[in-house]
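Please load the model in your viewer and keep a selection tool at hand. The stops below go from charged pairs to a pocket and then to the aromatic rings around it.

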Amino acid sequence: MQIRDYRPADEQSWLQCRVLSFMDSSYFQDVQQHRQTFARPSVELVVIQENKIIGLIDAEIDSQSMTDKQESGAMIWNLAVLPEYRRQGIAKDLWQAMRKRLLDQDIHYCELWTQEDVPANRFYQHNGFKLDTNATYLRCKIGGRELPLALSKHFNKTACVEEMTFEAQVSEREQLQPLCDEIIETRMYTQHF
């Protein structure tokens, strides 16, 4: 097993690893046909075993999506390990390699977004990330019908939607449950190191 920098020739193997790794998570619909590129400098690492990518981690430095603009930091956009290689410490090794690379660039802060996946949340908490409850919210989806009266009031008339996604406070989950087709709790984790 070797951790090394991502190379453009890795794209297909990277995409396969990401898709297969996300299939049993709440990100299963986040399929990409091309690997994203970053507007700002980034650190992009992969784990190779037998000429195959089995894990990956990407972090963008000083991403415009970061919520804490007080200091220079990084946003983790992807962290994935193929299911058959999990529980072997690969994600931890990837995070430690990323952390070292960030420290080498004098970056001492990192944040990331995840959802309600128990293994992902457990991993981040076990590896020193702290949940930012002020940045936790619900992403609610309603599809293919007239909006419920309670939501239509916000539009000053009855509205029909093909699909609507909106954000709400975590405290509103119970009230929104009967109105929404899907509710996903989105969580932000941070770490100072």
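A salt bridge here is a side-chain nitrogen of Lys or Arg within 4 Å of a carboxyl oxygen of Asp or Glu, and the structure holds 11 of them. The model is a predicted one, in which local features need pLDDT of at least 70 and side-chain atom pairs count only at pLDDT 80 or more, while totals for chains, interfaces and linings use all residues. Residues are numbered from 1 along each chain as its sequence is written, and side-chain values use heavy atoms, with hydrogens and water left out.

**Salt bridges**

Select Arg4 and Asp10, whose closest N and O atoms are 2.8 Å apart in a salt bridge. Arg4 is buried, at a relative accessible area of 14%, and Asp10 is buried as well, at 9%; in these terms buried means under 20% relative accessible area, exposed over 50% and partly exposed in between, with a 1.4 Å probe and protein chains only.

Next, select Lys100 and Asp104, a salt bridge with 3.2 Å between the closest N and O atoms. Both residues belong to helix α2 (residues 90-104), and because they are four residues apart there, about one helical turn separates them. Helices (H or I, at least four residues) and strands (E, at least two) are DSSP runs, numbered from the N terminus. Lys100 is exposed, with a relative accessible area of 52%, and Asp104 is exposed too, with 55%.

Now move to Lys141 and Glu182, where the closest N and O atoms of the salt bridge are 3.6 Å apart. This pair links distant parts of the chain, since Lys141 is in strand β6 (residues 130-146) and Glu182 in strand β8 (residues 182-192), 41 residues apart. Glu182 is partly exposed, with a relative accessible area of 29%. To see several charged side chains together, select Glu116, Arg173, Glu185 and Arg187, which are linked in a network of salt bridges.

**Strand β8 and its partner**

Colour β8 as a whole: nine of its 11 residues are buried, so that the strand is mostly covered. With β5 it pairs in the antiparallel sense over six bridges, two strands being counted as paired if DSSP finds at least two bridges between them. One place to check this is Cys110, whose bridge partner in β8 is Gln191.

**The largest pocket**

Which residues lie nearest the centre of the largest pocket? Select Leu79, Pro119, Ala120, Phe123 and Tyr124, which hold that position among the 38 lining residues. The elements that each give two or more residues to this lining are α1 (11-22), β4 (74-81), α2, β5 (109-114) and α3 (118-126). A pocket is an open set of points on a 1 Å grid over the protein atoms alone where a 1.4 Å probe fits, with protein on both sides within 12 Å along at least five of seven lines, and lining residues have an atom within 4 Å of a point.

**Aromatic rings**

Finally, show the aromatic side chains, of which six pairs are found in the whole structure. Rings of Phe, Tyr and Trp (its six-membered ring) pair if their centres lie within 6.5 Å, and planes under 30 degrees apart count as stacked, over 60 as edge-to-face and the rest as tilted. Phe123 and Tyr124 have ring centres 5.4 Å apart and planes at 75°, so this pair is edge-to-face; both residues are buried. Tyr124 also forms an edge-to-face pair with Phe129, at 5.6 Å centre to centre and 80° between the planes, and Phe129 is likewise buried.
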